[in-house]
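Here are my notes on this one, written as numbered points. Keep the picture open while you read, and find each residue as it comes up.

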Amino acid sequence: MQRRVLDYLLVTLKGMAMGAADVVPGVSGGTIAFISGIYEELIESIDNLSLKVFKIWKKEGFAKAWKSINGTFLLALFSGIAISILSLAKLIKWLLHNEPILLWSFFFGLVLASILYVAKQIQKWNLAILLAVLITSVISYYITLAEPFASPDSYLYLLFCGFIAIIAMILPGVSGAFILLILGAYQTAIDTINNLVEGLTTGNMDVFKDAFIKFALLGIGAVLGLKVFSKALNWMFKHKKNLTLAILTGFMVGSLNKIWPWKEVLKTRINSKGEVVTLLDKSILPSSYNGNSQILMALILIVVGFATILILEYLGRERTKA
């Protein structure tokens with residue numbers, strides 16, 4: 001596909017939208033790619049990333065190898081994704097510390113609407129589909145009740161989280177940030193990005209080194225996951241679409257417990273900075289919350305989050321009609 005500079009700028013803007021979506025638990029970068037019309041090209045370009053590229057480079061030169069993987073497209077797209085993630089991480093971190101109820105309320109609305117968005121794509125409902133939704137809902141719910149099986153600061157665990165979370169880039173309907181949230185590594189990932197930028201801008205090499213190692217491990221896990229998941233998930237989406245969507249729907253339904261805005265802390269831990277952070281909590285009613293439940297603003301933000309997905313869905317329908 002021949003593109004001009006302005007076309008690649010548009011790809012970068014689409015990447016920025018994907019990056020913004022991937023920072024927010026509930027909106028999938030894959031969904032944005034699907035809506036904006038670059039999903040199939042993205043999947044195909046990822047599939048072309050292999051060791052064969054080096055053979056082409058050796059025999060026919062770098063330009064031919066770069067073209068074989070649609071390199072300029074991927075560079076423009078991932079540049080946009082990186083810009084969004086780096087710029088939004090600080091805001092998300094501030095909200096997590098200062099307005100957690102309002103932030104999780106917005107996320108709750110996003111995920112609630114995302115469930116309907118994914119479920120609506122199931123073309124044929126039968127007993128197998130209903131069982132898939134039910135079973136994955138129960139499994140997902142009990143996962144949210146479990147104590148994290150490793151510290152989010154563990155290097156090996158971060159590698160694993162990056163490996164799993166990249167699923168968001170492959171399949172519409174699943175948010176990578178949402179998966180990190182379920183795995184208990186979302187805040188660690190946000191802090192890592194902020195510390196990376198802070199260490200670089202202030203010249204604090206200790207902060208930068210620690211953040212860079214964590215960021216690199218998440219990235220390496222993501223690259224490995226990208227190659228492992230891309231072909232399998234793409235095949236499932238094309239050949240077992242209804243079952244795949246049912247599994248995604250159930251996973252998201254059960255996971256609503258994790259992002260319920262009102263929580264009671266059951267256990268805490270000391271993170272790598274010596275700060276006391278939540279290890280395990282449980283969902284409670286707003287009336288039982290110890291403090292200002294902010295119920296009115298929370299409800300408004302749930303509606304706003306829900307409406308955001310409806311708007312994205314509407315834009316996707318309009319694009320299909322065009």
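1. The side chains of D210 and K214 meet in a salt bridge, 3.6 Å from N to O; the term stands for a side-chain nitrogen of Lys or Arg within 4 Å of a carboxyl oxygen of Asp or Glu. Both residues sit in helix α13, 4 residues apart, which is about one turn of the helix. (Helices are DSSP runs of H or I with at least four residues, strands are runs of E with at least two, and both are numbered from the N terminus.)

2. Before going on, a word on what you're looking at. This is a predicted model, where local features need pLDDT of at least 70 and side-chain atom pairs count only at pLDDT 80 or more, while totals for chains, interfaces and linings use all residues. Residues are numbered from 1 along each chain as its sequence is written, and side-chain values use heavy atoms, with hydrogens and water left out.

3. Back to that pair: buried or exposed? K214 counts as buried, because its relative accessibility is 6%. D210 counts as partly exposed at 29%. The cut-offs are these: buried is under 20% relative accessible area, exposed is over 50%, and partly exposed is in between, with a 1.4 Å probe and protein chains only.

4. How many salt bridges does the rule give? The count comes to 3. One of them joins E264 and K282, with the closest N and O atoms 4.0 Å apart. E264 lies in strand β1 (residues 263-270) and K282 in strand β2, so this pair ties together parts that are 18 residues apart in sequence. E264 is partly exposed, with a relative accessible area of 36%, and K282 is partly exposed too, at 38%.

5. Another salt bridge links D7 with R4, and here the closest N and O atoms are 3.6 Å apart. R4 counts as exposed because its relative accessibility is 59%. D7, at 25%, counts as partly exposed.

6. Now for the empty space. Rolling a probe the size of a water molecule over the atoms shows where empty space is left. The second largest pocket holds about 930 Å³. Its lining has 28 residues, and the closest to its centre are I81, I85, I166, G219 and A222. Several elements give two or more residues to this lining, among them α1 (5-23), α6 (71-98) and α12 (186-202). Which element gives the largest share? That is α13, with 7 residues. (A pocket here is an open set of points on a 1 Å grid over the protein atoms alone, where a 1.4 Å probe fits, with protein on both sides within 12 Å along at least five of seven lines; lining residues have an atom within 4 Å of a point. The volume is the space filled by probe spheres set on the points, which are joined across faces, edges and corners.)

7. α7 is mostly covered, with 16 of its 20 residues buried.

8. The C-alpha atoms of L296 and L102 are separated by 9.9 Å, while the two residues are 194 apart along the chain.

9. Last, check two backbone angles. Most residues other than glycine have a negative phi. N70 has a positive phi, near 55°, and is found in the loop between α5 (62-68) and α6. Q294 has a positive phi of about 50° and is not a glycine either; you'll find Q294 in the loop between β2 (276-283) and α15.
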